[in-house]
Amino acid sequence: MFFMKSEYRFFVVMLMLICMAFCLCACSGKSDGSKGKDAPASESSYGESSGKASPSVKLEQSDGGEEPGDAKQGDSVQDASNPSDSSNQNGDKGKKEPNGEGSDESLTDGQANALRKAKEYLVYDAFSYTGLKEQLLYHDFSEEDATYAVDHCGANWEEQAAKKARAYLEYSAFSEDGLIDQLMYEGFTLSQAEYGVANSEIDTAEQAKNAAESYLRYMPYSYKGLVDMLVYEGYSEEEATSAVDSCGADWNDQAARSAESYMKYMNMSREELVDQLLYDGFTEEQAEYGAGAVYSD
């Protein structure tokens with residue numbers, strides 16, 4: 001009986017020890033399990049707030065340490081979130097925009113140089129479309145580059161014609177018709193030339209007088225001969241007559257100069273010389289005076 005009691009007591013003690021061990025193991029497992037559940041939630045919230053890594057990447061890590069690939073993967077996500085930076089830099093590199101006007105059209109070096117040269121020419125002188133193009137071709141720009149430059153230089157060709165007309169009038173005398181012809185010779189169209197003359201502030205009466213004085217400086221004329229020359233140059237009969245009347249010429253002196261000029265290159269008798277001066281428009285009196293200046297004996 002005593003023995004049975006001892007065995008029973010031993011059995012109870014062992015059972016208690018086993019139960020205590022089982023409880024300790026169960027508590028330990030529960031503590032470890034709760035710790036394992038909290039960690040992913042913390043990592044997931046960090047990943048969402050920083051934007052550098054996704055929760056799935058963190059869940060694959062066994063010990064919570066950083067893997068060598070984390071920073072690289074984070075960098076790629078950061079680049080993807082701001083794609084405009086790299087695309088703007090690459091897209092703008094090497095692009096040339098004409099005239100600084102924000103155009104998308106790219107220029108070749110030849111076009112850019114021709115355009116710059118065309119604008120330089122227009123600062124110092126007036127040109128027609130064809131005149132400016134020929135100037136660029138003369139300076140060895142290609143046909144394509146010269147055409148592009150003239151097409152895009154921004155010139156108003158009618159205003160260029162007016163500017164060119166005023167420049168001519170500063171140094172020479174022109175009638176309206178004569179100036180139109182001159183501008184067309186420079187490559188302006190008829191409508192551009194007419195606009196240029198109309199806006200050149202030309203005084204045709206003053207121009208006719210200047211033309212008459214200019215002719216007389218280089219060659220002798222009779223009254224009639226000078227009027228005919230001015231009419232030929234495009235002045236009206238009225239403008240030419242008024243100019244010759246006011247030029248201040250001495251017609252006897254003009255006859256003498258004309259006679260001397262003839263005798264330098266021809267051997268003419270007095271009568272032949274008088275006839276020639278009459279043919280040139282001098283009066284009988286003026287012709288006799290001119291011939292007398294040569295045949296003074």
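This is a predicted model: local features need pLDDT of at least 70, side-chain atom pairs count only at pLDDT 80 or more; totals for chains, interfaces and linings use all residues.

Colleague: What share of the residues counts as buried?

Modeller: Buried means under 20% relative accessible area, exposed means over 50%, and partly exposed is in between, using a 1.4 Å probe and protein chains only. In this protein of 297 residues, 28% count as buried.

Colleague: Which residues of helix 7 are buried, and what covers them?

Modeller: The buried ones are Asp145, Ala146, Tyr148, Ala149 and Val150. Their cover includes helix 5 (109-124), helix 6 and helix 8 (157-171).

Colleague: Which residues is leucine 273 in contact with?

Modeller: Contact means heavy atoms within 4.5 Å. Leucine 273 lies in helix 15 (residues 270-279) and counts as buried because its relative accessibility is 0%. Leaving aside neighbours within four places in sequence, leucine 273 is in contact with Ala259, Tyr262, Met263, Met268, Ala291, Val294 and Tyr295. Take alanine 291: this residue is 18 residues from leucine 273 along the chain, and their C-alpha atoms are separated by 6.2 Å. For the protein in general, among contacts between residues at least 6 apart in sequence, 53% join residues at least 24 apart.

Colleague: How much space lies in the largest pocket, and which residues lie nearest its centre?

Modeller: A pocket is found on a 1 Å grid over the protein atoms alone: it is an open set of points where a 1.4 Å probe fits, with protein on both sides within 12 Å along at least five of seven lines, and lining residues have an atom within 4 Å of a point. Grid points are joined across faces, edges and corners, and a volume is the space filled by probe spheres set on the points. The largest pocket holds about 350 Å³ of space. Its lining has 21 residues, with Ser172, Ala173, Phe174, Tyr215 and Glu233 nearest the centre. Helix 8, helix 9 (176-185), helix 11 and helix 12 (223-232) are the elements that give two or more residues to this lining. Helix 11 gives the most, with five residues.

Colleague: How do the lining residues of the largest pocket divide into nonpolar, polar and charged?

Modeller: Ala, Val, Leu, Ile, Met, Phe, Trp, Tyr, Cys and Pro count as nonpolar, Asp, Glu, Lys and Arg as charged, and the others, Gly among them, as polar. The lining has nine nonpolar, seven polar and five charged residues.

Colleague: How many aromatic pairs does a search of the whole structure find?

Modeller: Rings of Phe, Tyr and Trp (its six-membered ring) pair if their centres lie within 6.5 Å; planes under 30 degrees apart count as stacked, over 60 as edge-to-face and the rest as tilted. The search finds five aromatic pairs. In one of them, tyrosine 129 and tryptophan 157 have ring centres 5.7 Å apart and planes at 75°, so the pair is edge-to-face. The pair links distant parts of the chain, with tyrosine 129 in helix 6 and tryptophan 157 in helix 8, 28 residues apart. Tyrosine 129 is partly exposed at 28% relative accessibility, whereas tryptophan 157 is buried at 15%.

Colleague: Where does aspartate 140 lie, and what is its phi?

Modeller: Aspartate 140 lies in the loop between helix 6 (129-138) and helix 7 (143-152). Its phi is positive, about 70°, although it is not a glycine. Aspartate 140 is also exposed, with a relative accessible area of 73%.

Definitions and conventions. Residues are numbered from 1 along each chain as its sequence is written. Side-chain values use heavy atoms; hydrogens and water are left out. Helices (H or I, at least four residues) and strands (E, at least two) are DSSP runs, numbered from the N terminus.
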